[in-house]
Amino acid sequence: MVSWDQTVEGQNSYMRKGPYGACDVVLRLGPGWTLDIACSVRNDYGHTWSYAHFNDGSRRYWGWIYDASLQGGGAGSYC
């Protein structure tokens, strides 16, 4: 799986369990945090979400982040 580093832009960005805003939150992200992005999907509403990894030094998190929340616009390839 290819990985890209991308930076979170928004104050209220969330890593979620699935590629929808209604999915449970895995982690609240702050602006400037860097994520490893693997790939993206387009949900039923036409919005793209990227599958991401974040390591805070003591714990690893995996989940989906809305591409509009990322400075790079999300993954360069689909899952």
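Helices (H or I, at least four residues) and strands (E, at least two) are DSSP runs, numbered from the N terminus. With that in hand, the chain reads β-β-β-β-β-β along its sequence, that is, zero helices and six strands. Its radius of gyration is 11 Å, close to the 12 Å that the globule rule gives for 79 residues, so the chain is as compact as a globular protein of that length. That radius is taken over C-alpha atoms, and the rule is 2.2 Å times the number of residues to the power 0.38.

A word on the source. This is a predicted model, where local features need pLDDT of at least 70, side-chain atom pairs count only at pLDDT 80 or more, and totals for chains, interfaces and linings use all residues. Residues are numbered from 1 along each chain as its sequence is written, and side-chain values use heavy atoms, with hydrogens and water left out.

Now the cysteines. Which cysteine is joined to cysteine 39 by a disulfide? The partner is cysteine 79, with S to S at 1.9 Å; a disulfide here is a pair of cysteine sulfur atoms within 2.5 Å. Cysteine 39 lies in strand E4 (residues 34–42) and cysteine 79 in the segment after strand E6 (60–66), so the pair ties together parts that are 40 residues apart in sequence. Cysteine 23 is in no disulfide, and the nearest cysteine sulfur, that of cysteine 79, is 14 Å away.

Last, accessibility. Buried means under 20% relative accessible area, exposed over 50%, partly exposed in between (1.4 Å probe, protein chains only). Cysteine 39 is buried at 9%, cysteine 79 is exposed at 56%, and cysteine 23 is partly exposed at 22%.
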